[in-house]
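Please examine the sequence and the three-dimensional model shown below before reading further.

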Amino acid sequence: MSNPPDDPDSVGPRQRHVELGVAAFMVVLGAITIFGSLKVGIGWGAEGPKSGFFPFWIGLLIVGTSVFNFVWAYITPNRKLFAEWGQINQVLKIVWPMAIYVAAVPWLGIYVSSALLIIGFMRWLGHYGWPLTLGVGLGLQVIIYVTFEKWFLLSLPKGPLEDLLGL
Amino acid sequence: MESIGDLLNGFAVVLSWQNLLYMVIGIVLGVIIGVLPGLGGANGVAILLPLTFSMSPTSAIILLSCIYWGALFGGAITSILFNIPGEPWSVATTFDGHPMAQKGQAGEALTAAFTSSFVGALFAVIVITLAAPLVASFALQFGPAEKFSVFFLAFCSFVGMGKEPPTKTIAAMMLGFALAAVGTDTVTGQLRLTFGSTELLGGFDFLIAVIGLFGIGEILLTMEEGLSFKGKAAGINPAVVLQTWKELPRYWMTSLRSCLIGCWMGITPAGATPASFMSYGIAKRASKNGDKFGTGEIEGVIAPETAAHAAGTSALLPMLSLGVPGSPTAAVLLGGLLIWGLQPGPLLFVEQKEFVWGLIASMYLGNIVGLVVVLTMVPFFAAILRVPFAIIAPVILVICAIGAYTVHNNSFDVVMMLVFGVAGYFLKKCNYPMAPLVLAIVLGDKAEEAFRQSLLISQGSLGVFWSSGLVATIMSLGLIALFWPFLSNLYGRILTPAFRK
């Protein structure tokens, strides 16, 4: 963080704005909780308090505290940065591959997706040579297969490749 | 002393080759987990929990609790050698531990840290041995109102003791309760808050939340900081160990004080992290070398390590005797008990004597094994940290994903894990505490059940929580804890009116 320029917005998002966003999101979650509780009833039923009774008050507390947090973040002057854009970029370099990964697991199975994730990561971010990359990427799958499927007898999701191999 | 006899029986249960092997595996895995970024006690245990479904509960809890001890030990290695706290509770250890390593005293610092951890844990286990059966037999008489009051006190302590803003603590905690409420209502069996989604029928599993919030969230934070590990060499040999051990008894006062702070903070669910900071702060004020703290004082390593380990261990006391875990990792272990078909709480000491005392006996042995393992294997553990992050990160992500999948054999859980991970990143960056959130997801159903049953008894009057001396006392303590930041502020203002000018 050398020499912050006059306009901090070019360096990265402000902490204050993210705080406002998180608080607003929590208000929405609280409102959803309240709405869902009202649907199942928040009063007194045959077996005592109805299903929505407890979550209703929980939802009210979420909304209450989050509105406070929102207002507090709004009125408190805070010029701190949440993170620099470069740092956000670093974080996204994990989030995007992970998003593709979790979407791929049901189709490709966990072994192929995991191998692709590790290999892609090591090539793209680590700039490692193929031998090491393939060694770690494929080797870990073998270890996982033996540990989970053979030793602990837990079945992990499989895809077309495993069908082809008859595993 | 009935409990001594029970404890000896416990040792008989634990002392089998198989269990000792699990202990060593658990400690080694635990230290590795404690050393690696993104894996910690809570999510490490959560990931491995599904592997134990087929084991006997006693072996399973030995394996998992030893992972916990290992993680507690492991935090010190990264703090001292790399100046990177592997776990939040070892932040205070970096203050003096790393300067010691820079002065070439890494061996002394590590020996002091491990030995202090051991002492803290041992102290806490003795407290558990003596106090847990008493607390449990006392708690056997608890009705729903008393049960709820204990939950109330536990959650209020987070608000009062936490260093995060109280409204953020409450918001995070209530979010946990809301997540716990999704799915089938345990009292009436009615579905709620699912909004027609079949994926939400079973509700949110706290194991998924733990793996996401602590595992993925932590990786994202590490990625943002762009860490590169540059460590000091770990030279540790028997001569250094013996030399340091000779020196340690001089600091018995610091140790004892840290043990007491740690146990107190562990039993009231404030946790190991504040315990280590508090202990460091008090040691600094009390020591005659206080002004040299931060430059590599061995006392500055002893104090936080003792307290952190005492707190981490004593967090199991309320978990076993009351069913209220004192830390996120204890909460995961409690979740394990439920999965193995054991009901945590006072009845455990009556119905599952063998299990409880086996666990307590394994705490003694596990910490001895732990001390030996960490003292002998430090260079190996330090070498793990030298593996570049670009290799470690995807491997940890894959391990987290497999851990999340195996909880229910459900691919949707892996998606939820990522959602929790991203949420955890933002919550942590905005200073929302994770521990109360996780504990609320674990305990939400039970707290709600106790609350509703109490209201049922009283026909809807909240007066039931002040209906007897015991309930009223616990509830009042809870309220004091809840308003503690406010009260201490007020107290300070009344005492020092001049201060305000």
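This is a predicted model: local features need pLDDT of at least 70, side-chain atom pairs count only at pLDDT 80 or more; totals for chains, interfaces and linings use all residues.

Residues are numbered from 1 along each chain as its sequence is written, and chains are lettered from A and ligands numbered from 1 in the order in which they are written.

In chain A, the domain assignment gives domain 1 (8–75) and domain 2 (85–165); such bounds come from an automatic or database assignment. The C-alpha centres of these two domains of chain A are 36 Å apart.

Chain A contributes 52 residues to its contact with chain B, and chain B contributes 51; residues are in contact if their C-beta atoms, placed from the backbone, lie within 7 Å. On the side of chain A that touches chain B, α3(A) provides the largest share, 16 residues. Helices are DSSP runs (H or I, at least four residues), numbered from the N terminus. By class, this side of chain A has 37 nonpolar, 13 polar and two charged residues; Ala, Val, Leu, Ile, Met, Phe, Trp, Tyr, Cys and Pro count as nonpolar, Asp, Glu, Lys and Arg as charged, and the others, Gly among them, as polar.

In chain B, helix α11 (residues 252–267) packs against helix α12 (residues 272–286) at about 150°, with axes 9 Å apart. Axes are lines fitted to C-alpha atoms, for helices over the stretch in contact, and angles run from 0 to 180 degrees between N-to-C directions. Therefore α11(B) and α12(B) are roughly antiparallel, a term for angles over 145 degrees.

Terms used. Helices (H or I, at least four residues) and strands (E, at least two) are DSSP runs, numbered from the N terminus. Angles under 35 degrees count as roughly parallel, over 145 as roughly antiparallel, 65 to 115 as roughly perpendicular and the rest as oblique. Two residues are in contact if their C-beta atoms, placed from the backbone, lie within 7 Å.
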